[in-house]
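Here are my notes for your first read-through. Keep the model open beside them and find each residue as you go.

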Amino acid sequence: MKRGALSGGIFPVLLNLLLLIPQYAGAAEDPREEYRIALTGFTALGLPREHAYLAQALPRLMLHTLAGLDSRYISDKEKSAYIWRIEREARREAALKSAKAREENSFDAIKSGSLESRLNDETAETEEELLPAEIQDYKRIELFNGPGEIPDLPVDPAQYCRKNNLDMLISGRIESIGELVYFSLEAYTFAEARWDEFFFSASGFTTLEDALLQARGALREKVLGRPWSSLSIITRRDAWIYLDGELRGVGGLNNLILSPGGHRIRIEAEAAETLEESVFLKAGEEQRLKFSLTESPVPEVEIVSDPEGAEVYLSSLWAGTTPLLLPDTGRSGTLRLVLEGYRDVLVPAAELETGKNSFILERQLYDPDLRLRAKRDRLYTAVGLFTLSLPVTMFSYSLYRDYWNQAALYNDSGFSDRSFLYNGAFYGSLFGSSMLFVHMVRSLIDYRVAGAETF
């Protein structure tokens with residue numbers, strides 16, 4: 001009796017409290033920011049064999065149409081449907097909780113008070129009245145289909161949307177009856193829980209292409225929830241494309257979805273003049289524009305020296321002789337002018353001006369110390385060359401004597417020829433060493449004379 005009283009008295013009261021949770025909850029919240037859509041396979045009926053490919057090609061064409069769609073506009077009607085959906089999901093969640101609580105209902109749990117305490121806590125947390133959900137005006141579109149992936153049309157679209165967290169399910173139907181082809185597109189909106197046919201056409205196979213263009217436009221408008229227009233821009237690969245002051249691409253734009261109306265285009269590129277254009281797009285219009293940029297003249301830096309003919313170096317790299325024109329593409333490093341008999345000119349490249357830059361070179365005055373150092377270096381060079389020539393002379397003489405003795409001993413013409421060859425090498429090297437010795441003596445005399453003049 002006591003167990004029956006508990007299960008029949010306390011538990012129904014707690015169950016009723018749980019069922020009241022959706023009506024006394026806090027403010028409903030939008031579950032996510034994105035608007036998830038999926039495109040399924042189409043229903044094909046009566047297609048001739050030569051046109052059977054349309055059953056696979058049309059869904060892929062519509063899937064390609066969905067690419068690039070950025071955000072969906074949420075109307076007031078759809079916001080109301082969203083609020084109803086959120087409340088419905090809240091009630092569904094509460095029903096699941098109550099069912100779970102019903103399964104956990106037992107004499108021991110109720111007797112211990114644990115179940116009653118838990119249910120009371122959950123109820124106390126949801127005592128505020130349910131307020132309208134705040135739904136943003138735009139939601140970012142997210143395509144559920146993977147690359148080239150088109151699932152079959154589900155039997156229960158509501159269950160499929162709930163399982164995959166989808167907002168919209170898009171499908172189509174193509175049927176051939178006689179010479180006519182009937183093509184339609186429909187969308188299942190999870191918030192409103194209903195199918196809506198938003199495009200229908202009847203045409204022949206020869207005019208089906210025009211119907212498909214209209215279907216693509218209707219599909220975009222259905223998914224976007226607003227009128228649309230498309231803009232494609234072709235220009236040079238390194239150009240930056242700004243649309244209404246915002247960078248939208250580099251090198252070109254392909255089927256960019258925009259709102260109908262006027263838009264401002266600005267295209268910039270290195271070494272080119274900035275191009276600005278205005279364009280007006282009608283609703284449903286797909287406009288393609290091609291822009292050619294005018295190369296802007298590159299500023300030049302002219303280097304002039306007095307006297308002319310000075311060699312110009314930029315950061316140790318030879319650039320030419322004056323007068324010289326250089327492109328003003330960057331000013332880093334150091335400019336150096338070199339002319340024999342004149343002092344070098346060093347100027348930071350950052351100090352150069354666009355246009356003409358003139359430099360007057362100063363003649364280098366006589367410097368005795370510099371002359372003495374030059375004579376000393378010349379003497380050292382002469383001594384080194386003479387010293388290096390002596391081993392050659394000695395080695396050639398020893399080879400000459402060796403082969404001459406062999407020829408005399410063995411009376412061999414081969415040794416005799418080699419002896420004659422090395423004899424010529426000996427006299428040649430002896431002559432070279434003699435000339436180097438004379439050069440060394442003259443260098444020594446010049447060095448002593450320069451030293452006497454200096455000191």
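**Notes on the predicted model**

1. Start with a pair of strands. β12 and β13 run antiparallel and are joined by seven bridges. This is a predicted model, so read every value below as computed from it. Within the pair, I265 has E277 of β13 as its bridge partner. The two strands make a hairpin with six residues between them. Look at A271 in that turn: its phi is positive, about 60°.

2. E270 sits between β12 (261-268) and β13 (275-281). Is E270 buried or exposed? Its relative accessible area is 68%, so E270 counts as exposed. Now find E295. It lies 25 residues from E270 along the chain, and the two C-alpha atoms are 8.8 Å apart.

3. Next, a second hairpin. Strand β9 (residues 240-243) and strand β10 (residues 246-250) are antiparallel, with four bridges between them. L243 faces E246 of β10. This hairpin has two residues between its strands.

4. Two arginines are placed over rings. R266 has its charged end over the ring of Y242, 4.2 Å from the ring centre.

5. Now the salt bridges. How many does the structure hold? There are 14. The general idea is simple: side chains of opposite charge can pair when their charged atoms come close. Take R36 and E142, whose closest N and O atoms are 2.5 Å apart. R36 is in strand β1 (residues 34-39) and E142 is in strand β4 (residues 138-143), so this bridge ties together parts 106 residues apart in sequence. R36 is buried because its relative accessible area is 14%. E142, at 24%, is partly exposed.

6. E142 has another partner. R140 also forms a salt bridge with E142, at 4.0 Å from N to O. R140 is partly exposed, with a relative accessible area of 49%. A further bridge joins D344 and R336, at 2.8 Å from N to O. Both ends are partly exposed: D344 has 39% relative accessibility, and R336 has 37%. Back to the shared partners: R36, R140 and E142 are joined by salt bridges into one network.

7. Turn to the aromatic rings. Such a pair is described by the distance of the ring centres and the angle of the planes. The whole structure has eleven aromatic pairs. In one of them, F386 and F437 have centres 5.4 Å apart and planes at 50°, so the pair is tilted. F386 belongs to helix α8 and F437 to helix α9, and the pair links parts of the chain 51 residues apart. F386 is buried, with 16% relative accessible area. F437 is partly exposed, at 41%.

8. Compare that with Y403 and Y422. This pair is stacked, with 5.6 Å between the centres and 5° between the planes. Y403 is in helix α8 and Y422 in helix α9, so the contact ties together parts 19 residues apart in sequence. Y403 counts as buried because its relative accessibility is 16%. Y422 is partly exposed, at 26%. Also look for Y397, Y400, F426 and Y427, which ring pairs link into a cluster.

9. Finish on the surface of the helices. Y380 lies in helix α8 (residues 368-410). With a relative accessible area of 55%, Y380 is exposed. Y380 and L444 are 64 residues apart in sequence, yet their C-alpha atoms are 9.1 Å apart. Which residues make the nonpolar surface patch of about 390 Å²? They are F437, V438, V441, I445 and V449. V449 is in helix α9 (residues 413-454). V449 counts as partly exposed because its relative accessible area is 41%.

Terms used:
Residues numbered from 1 in each chain as written. Predicted model: local features only at pLDDT ≥ 70, side-chain atom pairs only at ≥ 80, totals over all residues. Heavy atoms only, no water. Patch = residues over 30% accessible without salt bridge, like charges linked within 9 Å, V, L, I, M, F, W, Y side chains within 5 Å. Areas by Shrake-Rupley, 256 points an atom, 1.4 Å probe, with all protein chains shown as cover. Salt bridge = Lys/Arg side-chain N within 4 Å of Asp/Glu carboxyl O. Buried < 20%, exposed > 50% of the residue type's maximum accessible area, 1.4 Å probe, protein only. Phe/Tyr/Trp six-rings, centres within 6.5 Å; stacked < 30°, edge-to-face > 60°. Lys NZ or Arg CZ within 6 Å of the ring centre and 35° of its normal. Pairing = 2+ DSSP bridges.
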